[in-house]
Structures are given as structure tokens and as C-alpha cells.
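Subject: Structure handover

Hello,

Here is the structure we talked about. Please open it first, then read the notes below.

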Amino acid sequence: MLRLDTRVLALSCLAVAACASGGDPSADTLDPTFGDQGNDTTGDGDPGDGDGDGDGDGDPGDGDGDPGDGDGDPGACGNGQVELGEDCDAGDLGGQTCMTQGFGGGGLACNDDCSFDTSNCNACGNGVAEEAEECDGDDLGMSSTCADLGLGSPDEPLGCTQACMYDFADCSGCGDGVVTAPEQCEPAGELLEKAELDGQTCVSLGFDDGLLDCTQGCTFNTDSCYACGDAVQQGQEECDGADFDDAMCSDYSSMSGDPFASGSLVCEDDCTISTDNCALCGDSVISGAEVCDPGNLGGETCISQGFDGGALSCNDDCSGFDDSACTDCGDGMIEGAEECDFNNLGGETCVTQGFPGGGNLQCTLSCVLDTSMCANNFCGDGQVNGMDQCDCGNQGQNCTAAQLDNQSCVGLGFDGGSLACNSPNNCNYNVSGCYECGDGNIDPGEQCDTNNLGGETCISQGFPGGGQLGCTNSCGLDTSGCVQVSNPFTLCTSPNLGILSNATVMSMINVPDNGTITDVNLYTDILHTWVGDVHFTLNHGGSTPMMLDRPGVPGSTYGCANDNIDATFDDEGAGNAEVACAVNPAIFSPPSYDPVNPLTVFDGQNMAGPWTLAITDNVAGDDGTLLQWCVTIAWQ
């Protein structure tokens with residue numbers, strides 16, 4: 001029985017030329033590089049702000065927010081956003097295409113220096129036959145009728161394809177079942193059950209893979225061929241260069257589960273999509289062009305930003321740090337939590353601080369009032385009296401409860417510690433030995449303190465899925481951002497494994513985690529002509545149920561004659577794949593299909609270990625490729 005393949009793929013002469021030219025746009029991006037911040041903390045350009053070179057010379061105009069000035073503002077090439085001075089940035093082409101750049105078509109990309117990469121653009125489509133083009137629109141070049149090429153009479157006109165190649169559809173020689181130069185192929189029809197491709201495939205024409213076909217005009221149809229690196233998304237590619245098939249960051253979810261709100265997608269070298277330049281301000285993950293994210297300062301503090309202390313936070317739009325609560329102890333200005341600054345005591349004296357004997361009130365280097373030189377007429381007698389808060393005699397520590405007026409660090413609002421007294425200099429409490437949650441130090445009874453997690457992570461806390469470990473306001477570890485193994489979970493592999501006639505091939509997925517199986521589903525994505533040749537099984541733990549067994553057989557000797565499988569097999573499926581035979585794919589989901597043997601045979605087994613998909617082609621003449629398969633497991 002003669003069986004000819006009716007589905008084939010190939011690439012046009014222009015695409016071949018583009019591949020031969022080596023036009024492979026790089027999807028790499030540049031890390032933003034900023035200069036030193038110096039003393040610039042406001043970015044207002046006033047004299048006194050650091051100029052970004054770290055010398056603190058206070059030149060006017062420092063901290064202007066330009067990319068690379070060292071103030072931490074976004075703006076560098078590689079952050080996925082087109083900004084001043086850039087043609088493009090990673091996956092963001094600013095709405096431009098090869099056509100807007102004066103070309104007829106092709107794929108526009110972006111260079112590492114944020115300039116346009118037009119190496120994959122071409123002139124086809126401008127209406128003028130030039131260079132390697134046979135024709136272009138109404139310009140038919142050197143020939144105009146089928147007779148000029150020996151494919152018919154002078155009354156039969158030539159056409160021109162979108163790939164700038166002659167279209168022989170109106171020529172009497174096209175469709176006779178015989179490939180006659182300059183025909184590239186003969187389409188399926190009354191004379192041919194499958195297209196005659198003259199031995200060519202997508203791979204032989206320079207593509208990576210796909211299915212070659214023949215148009216009614218006897219030229220190769222390469223719509224289902226694909227070649228990673230030509231800046232045009234095709235076939236099984238998620239993306240190519242800056243072509244994402246209309247996908248954008250908002251089509252993907254951040255760590256919080258909500259869609260990204262800004263940024264641009266990145267296409268990896270293997271034509272898969274990366275969301276590294278996408279961002280969602282407020283999800284506690286610094287991503288895309290974000291400098292920080294509320295709840296995640298990237299390890300930055302007021303001190304690392306050039307201040308002496310205070311509380312650093314992130315702007316609401318994640319574009320930079322909010323240092324309004326940071327302080328500079330020693331600048332003579334009382335700010336934030338400072339009690340004093342240098343000689344500025346804020347009008348306070350020893351008397352206002354409760355020392356009737358007066359004395360010399362001072363300010364410490366940490367901007368806290370120092371009453372050690374103040375005098376109290378009753379202080380030092382070991383008795384709490386008058387205006388004394390405490391009185392431990394001459395030692396100031398090792399006090400009795402009565403000498404501390406039965407007070408403690410906890411009673412004064414701290415979380416713990418050892419309370420002392422400043423006697424005999426003054427009879428006020430000395431709280432230097434007290435501690436509290438929020439001071440950044442992990443003290444007794446605390447698991448963490450603000451951003452200090454004591455080296456702990458989600459994984460060390462027993463969450464194998466990782467995630468973001470945090471610290472509560474009561475200095476306890478917060479595991480709400482940590483991830484356990486999902487239930488159910490899906491593991492996939494993309495082996496691109498060839499399926500040969502009269503042979504069995506196998507592909508394996510290893511599940512590393514233990515758990516008792518309660519349900520299993522199988523997904524397969526297979527390129528194969530004449531799916532009636534194919535059957536496959538799933539093996540795990542000694543069980544090998546049949547999933548698909550040559551659909552259409554025994555009702556037909558050779559089964560379903562159509563191509564490709566893109567389907568899910570599920571015991572709760574809505575149909576029988578054995579009788580499915582659509583156009584393309586021949587078997588596809590949704591809906592899912594019942595397997596030949598139930599997957600419940602795996603229920604109760606341990607899910608850990610190898611899962612093997614075995615595919616057999618039982619009839620010579622048609623080959624295929626296992627592109628991807630996935631196993632989804634519910635467990636307890």
C-alpha cells in the first residue's frame with residue numbers, strides 16, 4: 001500500500017540566505033553599572049551632594065539621576081526598558097519592526113549595546129525584485145509566463161509568493177505529480193496522497209526542525225519549520241530574538257502569583273522565554289528595572305546608603321530608596337530618633353532631665369543625651385528617694401530589686417536584658433544592657449531581628465521548594481513566603497527524541513521526592529506522520545499500562561493517516577483516543593483522553609524514582625520526533 005506524507009515543512013530561499021549569513025541576534029543583556037554614590041543621598045543636584053565618584057567633593061549637579069551616576073536610579077542598558085539614548089532594550093523594541101527600519105520584512109532584534117540588530121531583516125516585500133529574489137509583488141523579474149520556465153504556455157501567468165519566489169499555481173506543469181525544475185515540490189492532490197518534496201526536509205533547508213509542506217504553487221511551505229536565532233518566532237519556539245508571538249510580561253505570574261505589571265520579556269539562546277526583566281512592584285522580589293521592593297531592600301540599609309543610622313525603605317513605585325527616615329548623627333541637626341546632635345541638645349539641660357543639682361549635659365557620638373555629668377543631691381546613698389529613678393550606691397550595677405525601684409528592662413518596654421543604674425553620677429536608669437526586637441541584633445529569645453535572619457533560609461527551615469524567608473514584628477521567623485513541593489505537581493522533559501520505523505525509543509523523568517500516588521496524568525507532544533503507526537506505554541514501579549495503541553487499528557489496517565499528537569491522557573478523560581483522527585494534530589487536547597489501560601495502576605505506589613515513556617513505531621515508512629512529555633502526579 002503506497003503511503004505518501006501530506007505534511008511537510010521547509011524554508012524559503014530568503015530564509016536560507018539569512019541562515020547562511022550567520023545572522024544570529026544575541027539575546028544577552030548588560031548589567032547596569034553605577035558609579036560610587038559619594039555623599040549624594042537626595043539626587044537634587046545641590047552643592048554638597050556627592051558627585052558619584054566617591055570623593056564627596058560636593059560639585060553642583062551631582063546625583064542628577066542619569067544612568068551610571070552612582071545614585072542607584074535605573075536607566076542602564078539591559079534593564080528591559082527603552083530609555084533616552086537607546087534604540088531598544090533586550091525584548092523591548094519600542095514598537096519598531098524591520099518594515100519601520102526600511103526593510104520589506106524579517107525579524108528585528110536588539111544588540112547588547114541597545115542598538116537595533118537588522119541582520120535578520122530582508123528586502124522582500126518592497127515591490128522590487130533585487131539580489132536573490134525571483135520576484136517581488138508585481139515585479140516578476142526575468143520571467144513573466146509559465147512558458148518562460150518550461151512549465152506551461154505563454155497564456156499561463158506566473159505569480160509571486162510572499163517569500164519573493166515564483167508561484168506556479170497557474171502553470172499546467174504544476175500539479176502533475178512530478179517535480180520539474182524550477183518547481184521545488186508537488187502538492188498532495190488527485191495524483192499524490194502526500195506531497196512530493198524531492199527528498200527535502202526542514203532540517204535539510206537549514207531549519208532546526210519542523211514539518212515541511214508544498215504549496216499549491218509548487219513551492220516549499222515553510223510555515224511549520226523553525227530555526228532558533230532568525231529573530232522570527234515559529235514552530236515549537238516560545239520566542240526568537242524580540243519576537244514573542246504577542247506575549248508580554250503581563251501574561252506571566254510573579255512569585256506572588258499575580259501577573260507582572262511592567263518590563264519586557266527576554267528570549268534565551270534556546271528560544272525559550274525568561275521573565276528576568278519583568279517586574280511587579282509590591283511582590284517582595286527585586287526584578288526587572290526595580291531598585292528595591294517594599295519588604296526587600298536587597299541588603300541595603302541607611303548605613304550602606306551613606307547615613308549613620310535610621311530606617312531605610314523603598315519608594316512606592318520601586319524606582320529607588322526612601323531615605324527620609326535615615327539620620328546623620330554629627331551634622332548638628334536633631335532628626336529621626338536622635339535625642340541630640342553634636343552640640344545641639346534641643347534645649348535640654350541636666351535640670352530638665354531630672355537632676356536638681358544641675359551639671360553638664362552632653363551628647364554621645366550616637367546622638368543620645370549623656371547625663372553622666374549631671375548631679376543629683378540625693379544620688380549615691382543606695383536609697384531610692386527624691387527624684388531618683390534608682391540608686392545603687394557607688395557601684396551603679398549589681399543592684400537589688402529595691403534599688404532599681406522594682407523595675408526591669410521588660411518593665412521599661414524592652415524585650416529583655418540587664419537593667420543598671422548610673423549612680424553615683426546620677427540616679428537614672430542605665431538601659432545599655434537592655435535589648436528589644438527591631439534593633440537588628442538577635443538577642444536571647446529571638447529567632448531573627450528585622451533583616452538579620454541568623455543565616456536561616458526557607459530550605460534550612462524544611463521547605464525544599466525554597467522561597468523568601470522573613471522576620472515577624474515579634475522577631476520570629478516568618479515562613480509564609482516559603483514553598484513546599486506542590487500537590488499536584490508536574491515534571492516535564494523535552495528530549496527531541498527521534499522515533500524510527502519498526503523501533504522502540506524511551507525517555508525518562510526522575511521524581512526526586514517521596515509521596516503516595518493518588519492520581520497520575522500524562523501529556524505528550526509528538527511530531528509523527530501517520531499516527532496510526534504508533535503505540536506507547538508509561539512505566540513506573542513495575543507497572544506498564546498502555547496509553548495509546550495505534551489509533552484506528554483494527555478498524556483500518558494502517559489506522560489514522562493524519563499527523564501529530566498533542567494530547568493529555570487522564571482516567572477522567574472525555575474521549576477515546578483510539579477513534580480520534582482530526583486533521584492536525586490528529587489527536588489533541590482539550591479535552592483529555594482515556595488511556596487504553598487505566599493510570600490507577602500507579603495509585604498507592606511511591607512517586608519517587610524513574611518514570612519511563614516507551615514509544616514504538618510499528619510500520620515502516622513514517623518517522624517522527626518526541627518533542628516533550630510531562631507527568632502530573634497528585635500525592636499524599
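β30 and β33 run antiparallel and are joined by five bridges. Within that pairing, Leu-522 has Phe-569 in β33 as its bridge partner. On its other pairing, β33 runs parallel to β34 (residues 587–588), with two bridges between them. There, Ile-565 stands opposite Ile-587 of β34.

Ile-565, Ala-567 and Phe-569 are on the covered face. Asp-566 and Thr-568 are on the uncovered face.

Before going further, a word on confidence. This is a predicted model. The mean pLDDT of the chain is 83, and 87% of the residues reach 70 or more. Residues 1–74 are the stretch to watch: the pLDDT there is below 50. That stretch still has 184 contacts in the model beyond near neighbours in sequence. Where pLDDT is low, the predicted coordinates should not be read in detail.

Now the chain as a whole. It has 636 residues, of which 41% are buried. The secondary structure comprises one helix and 36 strands. Take the contacts between residues at least 6 apart in sequence: 48% of them join residues at least 24 apart. The accessible surface comes to about 30,000 Å². Carbon and sulfur atoms account for 48% of that surface.

Next, the cores. The largest nonpolar core has 34 residues. Which of them touch the most other members? They are Phe-536, Leu-538, Phe-569, Ile-587, Trp-611 and Ile-615. Seen by element, two or more residues each come from β29 (503–511), β30 (517–528), β31 (534–539), β32 (546–549), β33 (565–569), β35 (609–617) and β36 (624–635). A separate core of 11 residues lies apart from this one, and includes Cys-185, Ala-195, Leu-197 and Phe-220. In soluble globular proteins, nonpolar side chains tend to be buried together.

Phe-569 deserves a look of its own. Leaving aside neighbours within four places in sequence, Phe-569 is in contact with Asn-521, Leu-522, Thr-524, Phe-536, Met-547, Leu-548, Ala-577, Tyr-593, Asp-594, Pro-595 and Leu-599. One of these, Phe-536, is also among the core residues that touch the most other members.

On to the open sheet. Four strands form it, in the order β29-β35-β31-β32, with antiparallel pairing. β29 and β32 are the edge strands, each pairing on one side only. From one strand to the next, the twist averages 10°.

Within that sheet, look at β31 and β32. They pair in the antiparallel sense over three bridges. Thr-537 has Met-546 in β32 as its bridge partner. His-535 stands opposite Asp-549 in β32. The hairpin has six residues between the strands, and Gly-541 takes a positive phi near 60° there.

Last, Met-506. Is Met-506 buried or exposed? Met-506 is exposed, because its relative accessible area is 60% and the cut-off for exposed is over 50%. Setting aside neighbours within four places in sequence, Met-506 is in contact with Leu-497, Thr-612, Leu-613 and Ala-614. Pro-495 is 11 residues away from Met-506 in sequence, and the C-alpha to C-alpha distance is 9.9 Å.

Best wishes

Notes. Residues numbered from 1 in each chain as written. Predicted model: local features only at pLDDT ≥ 70, side-chain atom pairs only at ≥ 80, totals over all residues. Heavy atoms only, no water. pLDDT = per-residue confidence, 0-100. Contact = heavy atoms within 4.5 Å. Buried < 20%, exposed > 50% of the residue type's maximum accessible area, 1.4 Å probe, protein only. Areas by Shrake-Rupley, 256 points an atom, 1.4 Å probe, with all protein chains shown as cover. Core = buried A, V, L, I, M, F, W, Y, C linked by side-chain atoms within 4.5 Å. Pairing = 2+ DSSP bridges. Axes fitted to C-alpha atoms, helices over the stretch in contact; angles between N-to-C directions.
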